[in-house]
Amino acid sequence: MKNLLSLFLLLVNAGVSIAAEVVVLENESLRAAWDAGRGTLVSLKDKATGREWLDTAVQTPGYTVQLAGEKSPLTSGNATSVRARKEGAAVVVEAEHPGRTVICDFRLETGGSGVLGRIALRSVEPCRIAKVCFPLVTLRLPFSGTGEDDRLLWPECDGSLLSNPLQNKPDRRFPYPGNASLQLMAAYDGTAGLFFSARDATGHAKAFCSRRSGSGLELSIAHVLPQTPVLEWKLPYDVVVAGLKPLPGMPGITWESAAEQYRPWAVQQPWSRRTMAQRVAEGDIPAWVAKPNLVLTYALRGDLPDKSQGNRQPLLTDMVRRWSRVVETPVTCLIASWEKRGTWVTPDYFPPYGGEREFAAMNQTLQAEGHRSMVFLSGLYWTLRKKIGDEVLDQQAEFDRAGRKSAISDAQGEPLLRGPAESDIGLAATICPSTALARELLAGTSQRCQELGIGCVQVDQIVGGGLRECFHPGHTHPPGGGTWSAEALYRIFSEIRQAGRARDPKFVFSLEEPGEFYLPVLDTYHARDLHQGRWPRSGACVTGVPLFTHVYHEYLAGYGSEGCYASEHPSQLALFQMGSNLVCGKAPAVALWGRWVEPEKVNKVQLRLLRSHLALWRGEAGEFLNYGRRVASPALAVPALDMVFVEKDGAKRPQKVPAVLHARWQLANGRTATVFACIADKPVDFVVGKERIRLEPGETAFRPSE
Ligand SMILES: [Zn+2]
């Protein structure tokens, strides 16, 4: 039987027509064929190039349905009978399992180039569905040639790209909402590409997954469901598989092809109703966010001018004034290590380190002088134990008394922990967003911060607005996935922002890393477009790309993180990071944390780049940098710099970067322009159109298109 099947697949692969055995959907870019008797995809062909994407040597089921409490999932491979048939314009795959039927239907997108799919389940007895993987395909590796040009695009935070998945491990899972900031993956090389997405507008829990499977690359979307008993269930949104095309003016397919394929759907969703320009004009985002300012991360604990360690709170105001003088703009001071008991120790924050009265007076002075102050809340973590210096802080008893019953837990009500005590966050539980305690921890703490003069609060450590599933039997939400977690967080974020705005019309709310679902309740976001070679762009041969920025920048711009390096000495890293913030349309940032750095002594090239970024923002480029839409930017003919980025664990990630960073932007009125930043240590000459441009180290340029 197995031999016969292999022979059949061989014939299908060889293009031998067995009309009775396959059913086909086909549009101008893609041809998909299903085995009529097994219900699985047997061919996925790019029509322009004739490229066959599937690795049919790997037995991949068309779906997996994991029921709660069952050992192994239902798959098209273990069904008692499967049939794929054409039903009008659709392909329907129907699989019988004992007492259950799984139906997948596929149809061509009207007016688009995708194949859309849905999956449904009918059951004789009520059943609880934990997870459904659909679609599920295994791609042939390499995509072409040696695999050197193969790329896998991940929706990870700001966006990331894995080179050559044949050589480099692709095993990753990105939960959405959360580490997946949007609902898209893509596989491509220069000549052909495959696009993989979900079209869910209501924040259903899911994950975008890639892994090696045998000789191939498996891609899937795992839909994580609320585990309430059902007789019938249907995926309430489409999944999409589509071909990719090169964009006009681009030499071949790039990650931007996938971003542009996603965009038409993305900008019609509830989170894209108003652009950032509209929101600022209508007062929905306070005007100061869109005006030049420098985000300065300064820790209250750290180095003192005499090189000893201590309380830097009394020195903060002067430091902000000095930075402001040097860059000639107001400063948004991101006050780190403000928490009473230690950095990231939560939720016992108050009084802030250095004293409540002093903290409030400092914020008042900053505000009176035109600056803003900002803090991070440690999400919904509850620190149980954390090693600080030689001591271990222990808050277990207080957690058991006040937090335990509200914590994200397993089905037995046992809190799910992260740790260990030696880590940056420490050993911690997470409070479930559905509980009253979650509201109190986030909205209550935000209010208290505001009362002490904080003008911007960021919910940190709930990356992209995603938390783990909770199964606590005593909570009001259904156990497992679904929409309840995203909805609960959205409500809390919205409340923080509205209450904050009622107290201070200039109050601003931010989130760690972007998440499309939350755009309307954010005034800015913590972006990391500037990072390479470390989270959220970690791993061998992983490169960060500004995917979220490309799709959504005109809806929200973000700021250049708490991690933009600056120093008194020449630093390639600092220039790369500052330049990335500029060309990605982010508010510029400088991260001191606990270092003592005299702003007047900062390396002149770094200062030139920072000041130049702010000057561009003040001028004609400002509208593009704040409100523009990023457009595909063909590579510049400039020398490559060999850089080595370093992961948090010390692993080295060599990468070539262009000596001049650049990006193209477009306004709603169609005008386009390009910004350039020279990050080399010597002048660089290059040609744009008919113009030869020469930039000194740290110098920038702005060129509107003719
Ligand atoms: Zn819960």
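Buried means under 20% relative accessible area, exposed over 50% and partly exposed in between, with a 1.4 Å probe and protein chains only. This is a predicted model, in which local features need pLDDT of at least 70, side-chain atom pairs count only at pLDDT 80 or more, and totals for chains, interfaces and linings use all residues. Residues are numbered from 1 along each chain as its sequence is written, and side-chain values use heavy atoms, leaving out hydrogens and water.

**View 1. The zinc site.** Cys432 (SG), Cys470 (SG), His475 (ND1) and His477 (NE2) coordinate the zinc ion at 2.0 to 2.3 Å. Donors are N, O and S atoms within 2.8 Å of the metal (3.2 Å for Na, K and Ca); water is not among the atoms, so sites may look incomplete. The arrangement is tetrahedral because the four donor atoms subtend angles of 104 to 119°; the cut-off for four donors is all angles between 85 and 135 degrees. The donor residues follow the spacing C-x37-C-x4-H-x1-H. His475 and His477 are buried.

View 2. Strands are DSSP runs (E, at least two residues), numbered from the N terminus. Two of them pair if DSSP finds at least two bridges between them. Here β2 (residues 30–35) and β3 (residues 41–46) pair antiparallel over five bridges. Arg31 has Lys45 in β3 as its bridge partner. Five residues lie between the two strands, and Gly39 in the turn has a positive phi of about 80°.

**View 3. A four-stranded open sheet.** The strand order is β26-β25-β28-β27, with antiparallel pairing. β26 (391–394) and β27 (417–418) are the edge strands, each pairing on one side only. β27 pairs with β28 (residues 427–430) over two bridges. Arg418 stands opposite Ala428 in β28.

Technical notes:
Tetrahedral: all angles 85-135°; square planar, octahedral: opposite > 155°, others 65-115°.
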